[in-house]
Amino acid sequence: MLGIVAAVLFFVSFLINAADLSTSHEFSSMNVMLLGLTALALHVAGIGSGWSRRR
């Protein structure tokens with residue numbers, strides 16, 4: 001799930017950068033890309049990969 005979130009955040013970051021949109025400082029393409037990298041790192045670490053019951 002977090003891998004999909006990361007892909008969406010990277011795509012939004014690409015669109016902001018490619019369209020050269022002027023956004024607020026908090027919603028810049030670099031900040032969105034860093035959120036995507038965080039989601040990708042959590043996905044690779046195994047967090048958010050799905051629900052599993054442990055016995």
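These legends describe close-up views of a predicted model.

**View 1. Val44 in helix H2.** Helix H2 covers residues 29-44, and Val44 belongs to this helix. Val44 has a relative accessible area of 68%. Exposed means over 50%, so Val44 counts as exposed.

**View 2. Ile47 in the segment after H2.** Ile47 sits in the segment that follows H2. Its relative accessibility is 47%. That value falls between the cut-offs of 20% and 50%, so Ile47 is classed as partly exposed. Ile47 touches Leu2 and Leu42, with residues up to four places away in sequence not counted.

**View 3. Ile47 and Met1.** Ile47 and Met1 are 46 residues apart in sequence. In space, their C-alpha atoms are 9.2 Å apart.

**View 4. Ser13 in helix H1.** Ser13 lies in helix H1, which spans residues 2-18. The relative accessibility of Ser13 is 8%. Buried means under 20%, so Ser13 counts as buried. Neighbours within four places in sequence aside, Ser13 is in contact with Ser29, Val32 and Met33.

Note on methods. Residues are numbered from 1 along each chain as its sequence is written. This is a predicted model: local features need pLDDT of at least 70, side-chain atom pairs count only at pLDDT 80 or more; totals for chains, interfaces and linings use all residues. Side-chain values use heavy atoms; hydrogens and water are left out. Helices (H or I, at least four residues) and strands (E, at least two) are DSSP runs, numbered from the N terminus. Buried means under 20% relative accessible area, exposed over 50%, partly exposed in between (1.4 Å probe, protein chains only). Contact means heavy atoms within 4.5 Å.
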